[in-house]
Amino acid sequence: MKKILLRIMIVALLLGTAYATSPIKIDAFSSRDIARGATGDDVIELQARLQYAGFYNGKIDGKFGYGTYWALRNFQDKYGLPIDGIAGSQTKKKLTSASKYDQKFVMDNLKKGNQFTHYGGTPLSAQVKKGGGGRENMNLPSKYSQQDLNLMANAVYGEARGEPYEGQVAVAAVILNRVEHPDFPDTISGVIFQPLAFTAVADGQIWLTPNERAKEAVLDALNGWDPSENSIYYFNPITATSKWIWSRPQVKKIGLHIFCH
Amino acid sequence: MTMKKMIFVLAYALVVVSVFAFTKTTENNKLAILLSNQYAQQMADASDKMEELDTAVKQTLLFNQSEGSKKAREDIWRLSSDIKRSVASLPLDTAFSTSWINYLGRIGNYAKVADASSEPGEYHKVMSQASKNLGAMHDDWRLATAGLINGRYSMDEWNNKLNASNPDINWSNLSTSIKQYTEADFPLTASESDAMKKKELKNIDEAKVTQAEAVERFKTLFPQVSNDVVGVDRSKPGSPYPFYHIRFTDGESIGYIDITEKGGHVLSYLAERPYGKTSVPFEELKKFGEEFLKAAGYKDLVYEEARENNTAWHFVFVREEPFYGAKVFSDVIHLKLAKDTGDVLGLNAMEYIQKEKLHRQSIKKMNWKEFFHRDVQIVENELAYVENERKEQRLAHYLKVTRDENGHIGTYNVLVDTETSEVIKTEKLD
């Protein structure tokens, strides 16, 4: 009898320990810790909940930047949580109990590109303004904007959509190399729209809608990759008509393009 | 009867087509005139501003003390930037416009940094010469742009002249003379030359590696994708630093790696492949990245930041200088890690290969309460080496500060020279 009782107690103790040390189940968010630099649906939920609880008054855009970071730290401070600016399981649990999240409202407005807020205590319908909003798709180095990415993706798609991925990154890198080079305009739009600089601008192909691959290639270039090896020109030897371009020192060939200095 | 009908229909169609063609041609002509007027106006504006620039240069020469010429130097910077923008947006010969843009950039920068970088005597010498040359260059500019400004050529005629094999303007001579003026007036400073050399990796002083050794280096670093090397090319003769360009395909992965011939250093690596849904947590990815870098021989790096995107995280690691424990932002490595498996999809080490030459520097005690406005909070304070406007590596206080901006917390990086207290850079963080 004593042995059975002892066994029951051990099993109960083990179960209790397992329960106490198991990860906290939260009825929202994904299971990952959310930290600065993250993007995605759980960042949207984090921002919406922080806003509901009155800690965040920035844009709900799915990008975990400094605005979200300070708001989260303030929330952790107020609720006696470890202040690290990371939404771990404990913070998420507290946030879930201290706020509400109307996922449909938030996602619908993001999809429609509306400007909206998600404050608690005010009817949500009164917190929407049409247009001017939307979700940030890419997380860029701070010196570049979404507009830079879009314009470059248009140029890359117009100029090099049939090229290998490396070639597309290289075309994007050439644009950035020109921005840094003393012989060219010092803005991305200035470089792209410089007369006679890019064929895709001259023939209007720059206004084709770029695909995800072109955007990804631009993103890699904005993050520092340069398969062109510091080139500032490129040309297609089959179609090039300028004699001058052949006089440039050539660096490498990628797909159909020769990259040069 | 049928014949008559046919003639009527054809005649009617001919009239419609003629009216359409006439309207279209008129419309095109109007657009061409509008465009050439706009270009003519921009060229004339640039021409006027060149005169203003020359005046501003002359005005700075009136004073000995740099404070006296401050306003005129600011005008030089502003006007040169304006003209640069105009030149960049005009349909001109590429070599001619790039030479002008370069000259304007240099004269503007020289005026901007004159306080810190040159003696008053030196400034006078350089700008007197520049003023003389600006006059000659302005004459060349007027000559080159006359055809469009005075309406002698339509847009089509102007473009044809630009592309002609024997143009009536000798663009090549004009751009060569601007280049000569640039080299004479504003030669590259020692630090600028260093910066360019670094970028071009010309002066790597290490033994050459063979093609087979370069491929071996690739296989050691990326064994998971190196089973099928599709091709290895040596860089073309015009490359300032020779390298091997290795292309590979392995299963669904396709990509490249560039490895320098001297020393066998990785310049960059990038792989493209379809992505799965499973997601590796950030902390694990960071650990993978750090372990990969150590195994690859990059042992003096510290984590700086990371950004998540659809399929991958982009990581930034910077070198840590051992004496001050300062981050060296010019010696940087980027990593791209797949979210689904944690594979290294990209490595960019171009800027890390030639480490910056750093100098010890005194660290002046700062009173930050006096330095910043009272509503600014310093949240992080460390040391970093960073390049200033004169392309010199300077030790700086690397501060992260916040400020309440109408209920929103604005966050900024501020870099302050430890010796001169000069604010080298201020950057708003999103």
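**Reading a two-chain model**

Author: Across the interface of chain A and chain B, 32 residue pairs are in polar contact, both residues being at pLDDT 80 or more. A polar contact is a pair of N or O atoms within 3.5 Å; within protein, one atom must be able to donate a hydrogen and the other to accept it, and residues adjacent in sequence count only if both atoms are side-chain atoms.

Reader: Which elements of chain A give two or more residues to the side that touches chain B?

Author: They are α3 (66-78), α7 (165-180), α10 (212-222) and β4 (250-254) of chain A. Of these, α10(A) gives the most, with five residues. Helices (H or I, at least four residues) and strands (E, at least two) are DSSP runs, numbered from the N terminus.

Reader: What should I know about the model and its numbering before going on?

Author: This is a predicted model, in which local features need pLDDT of at least 70 and side-chain atom pairs count only at pLDDT 80 or more, while totals for chains, interfaces and linings use all residues. Residues are numbered from 1 along each chain as its sequence is written, chains are lettered from A and ligands numbered from 1 in the order in which they are written, and side-chain values use heavy atoms, with hydrogens and water left out.

Reader: How many residues does each chain bring to the contact?

Author: Contact means heavy atoms within 4.5 Å. Chain A brings 50 residues and chain B brings 59 residues.

Reader: What area do chain A and chain B bury between them?

Author: Buried area is the accessible area (1.4 Å probe) that two parts lose on being put together, summed over both. For chain A and chain B this comes to about 4,700 Å², with 53% of it on carbon and sulfur atoms. Tyr66(A), Trp70(A) and Trp225(A) supply 15% of the area that chain A buries against chain B, more than any other three residues.

Reader: How many salt bridges are there between chain A and chain B?

Author: A salt bridge is a side-chain nitrogen of Lys or Arg within 4 Å of a carboxyl oxygen of Asp or Glu. The count between the two chains is six. Glu308(B) forms a salt bridge with Arg32(A), and their closest N and O atoms are 3.1 Å apart.

Reader: Is Ser239(B) buried or exposed?

Author: Buried means under 20% relative accessible area, exposed over 50%, and partly exposed in between (1.4 Å probe, protein chains only). Ser239(B) counts as buried because its relative accessibility is 9%. Ser239(B) sits in the loop between β1 (229-234) and β2 (243-250) of chain B. Apart from neighbours within four places in sequence, Ser239(B) is in contact with Gln250(A) and Val251(A). A polar atom of the Ser239(B) side chain lies 2.8 Å from the backbone oxygen of Tyr241(B).

Reader: And Leu256(A): where is it placed?

Author: Leu256(A) is in the loop between β4 and β5 (257-260) of chain A. Leu256(A) counts as partly exposed because its relative accessibility is 39%. Not counting residues up to four places away in sequence, Leu256(A) touches Glu163(A), Phe235(A), Asn236(A), Pro237(A) and Ile238(A). Pro237(A) is 19 residues from Leu256(A) along the chain, and their C-alpha atoms are separated by 7.5 Å.

Reader: What domains does chain B have?

Author: Domain bounds come from an automatic or database domain assignment. Chain B is divided into domain 1 (13-187), domain 2 (197-274), domain 3 (278-357) and domain 4 (368-429).

Reader: How can I read the meeting of domain 3 and domain 4 of chain B?

Author: Eleven residues of domain 3 of chain B are in contact with seven residues of domain 4 of chain B. The two domains bury about 810 Å² between them, 59% of it on carbon and sulfur atoms. Tyr324(B), Lys327(B) and Phe329(B) supply 55% of the area that domain 3 of chain B buries against domain 4 of chain B, more than any other three residues.

Reader: How many salt bridges are there between these two domains of chain B?

Author: The count is one. Glu382(B) forms a salt bridge with Lys327(B), the closest N and O atoms being 3.4 Å apart. Strand β7 (residues 326-338) of chain B gives five residues, the largest share of the side of domain 3 of chain B that touches domain 4 of chain B.
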